[in-house]
Amino acid sequence: MFLTGVSIVVAAVVPALVAGVGPLPLVAVIAVEQFLLGWAWVRTFAGSIGTLVIVGLAALAADATALLTDSHELGDGAGVIGIAVVAVILGQLARRRASPGTATSDQPVRVTVDMAAGLSGVVIVTLLTGYVDAASIETPTGRAVGPAMVAVGLVGGGLAVLVARACAGLVGGRVARPAGWPLISRLIGVVAAGAGGAVFGAASGGLTVSDGTAIATVAAAVAVIIDMAVARGVAELRASGDPEFEWPLVAVLPLAVAAVFVYAAAHTLAG
């Protein structure tokens, strides 16, 4: 639990701290998290090295697109995802036809699983680029509020997952868990994130209390929902004796999915 908590804190706090420094440091941190998430995702599905390379290149291309374009819209990365999807499909076709004379009965299954890992992996790693786009958001008057909104979204999502998992771990062992405790613990996490967002908004010069609360709550709600799915998946990994890839999924995947919602909320509030 300790190492999991540390990984959640690092995954949320480090990009939040560098969001205000500039786009290049933020992209550098996001790229590291994209690599770790892509690696864990593909390896969890027992994907091939070729699939991992495609996922990694898609992440780098999405980051480069976010840096080089002036619009800073989420749709800018659509072309990157499209090309990566084609690359995954062509790679699997090539893999299936590479050695037809030695094909085995489970080869179609392996190809299908590898393709699923590649297609979904491309999507989840490029979602993290949404934080780079959100960091460039400005108000109609030209005030740069994107970095603060990204920071409060990341901290809100990470805090919600951390508090939810801590609450879930407090009740166990010989103490009977109340009915619905997993859901209750996650609701507590969302409330804690909303409170943290309010404090962040009050302390920040670029946000209001309502802005901080709204963005943190949105990020937290998405993050805890994804964390529920991740918790079930990790439990299955542990049951199969293969838990080595769990911490990037626990720490980064909820933040990755929340990125789109943080961008949408920040864009709406900035006007």
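The expected span of a helix is 1.5 Å times one less than its number of residues. Helix α7 passes that check: its 25 residues should span 36 Å, and its end C-alpha atoms are 36 Å apart. The model is predicted.

**Helix α7 and its contact with α8**

- Helix α7 covers residues 146-170, and helix α8 covers residues 181-203.
- α7 is mostly covered, with 18 of its 25 residues buried.
- The axes of α7 and α8 come within 7 Å. They cross at roughly 150°.
- This crossing is right-handed.
- On the α7 side, the contact is made by Ala148, Ala151, Val152, Gly156, Leu159, Ala160, Val163, Ala164, Cys167 and Ala168.
- On the α8 side, Trp181, Ser185, Arg186, Ile188, Gly189, Val190, Ala192, Ala193, Gly197 and Phe200 take part.
- By class, the residues of the α7 and α8 contact divide into 15 nonpolar, four polar and one charged.
- An α-helix has 3.6 residues a turn, so residues three or four places apart point the same way.

- Helix α2 runs over residues 23-44.
- Its 22 residues should span 32 Å at 1.5 Å a residue; the end C-alpha atoms of α2 are 31 Å apart, which agrees.
- The buried residues of α2 are Leu26, Val27, Val29, Ile30, Glu33, Gln34, Leu37, Gly38, Ala40, Trp41 and Val42.
- Alanine 46 follows α2 and has a positive phi, near 60°.

**Contact of α2 with α10**

- Helix α10 takes in residues 246-270.
- α2 and α10 pack at an angle of about 115°, with their axes 9 Å apart.
- Here the crossing is left-handed.
- α2 brings Glu33, Leu36, Leu37, Trp39, Ala40, Trp41 and Thr44 to the contact.
- α10 brings Trp247, Pro248, Leu249, Val252, Leu253 and Ala256.
- The contact of α2 with α10 has eleven nonpolar residues, one polar and one charged.

**The aromatic pair**

- The structure holds one aromatic pair.
- Tryptophan 41 and phenylalanine 45 form this pair, with ring centres 5.2 Å apart.
- Their planes lie 50° apart, and the pair is tilted.

- Threonine 4 is found in helix α1, residues 2-18.
- Threonine 4 is buried, at 14% relative accessible area.
- Leaving out residues up to four places away in sequence, threonine 4 touches Arg165, Glu246 and Val250.
- Alanine 11 is also placed in α1.
- The relative accessible area of alanine 11 is 5%, so alanine 11 is buried.
- With residues up to four places away in sequence again left out, alanine 11 touches Glu33, Ala251, Val252 and Leu255.
- Alanine 11 and glycine 158 are 147 residues apart in sequence, yet 7.7 Å apart in space, C-alpha to C-alpha.

Methods:
Residues numbered from 1 in each chain as written. Predicted model: local features only at pLDDT ≥ 70, side-chain atom pairs only at ≥ 80, totals over all residues. Heavy atoms only, no water. Phe/Tyr/Trp six-rings, centres within 6.5 Å; stacked < 30°, edge-to-face > 60°. Axes fitted to C-alpha atoms, helices over the stretch in contact; angles between N-to-C directions. Helix = DSSP H or I, 4+ residues; strand = E, 2+ residues; numbered from the N terminus. Left-handed = near helix turned anticlockwise from the far one by under 90°. Contact = heavy atoms within 4.5 Å. Nonpolar A, V, L, I, M, F, W, Y, C, P; charged D, E, K, R; others polar. Buried < 20%, exposed > 50% of the residue type's maximum accessible area, 1.4 Å probe, protein only.
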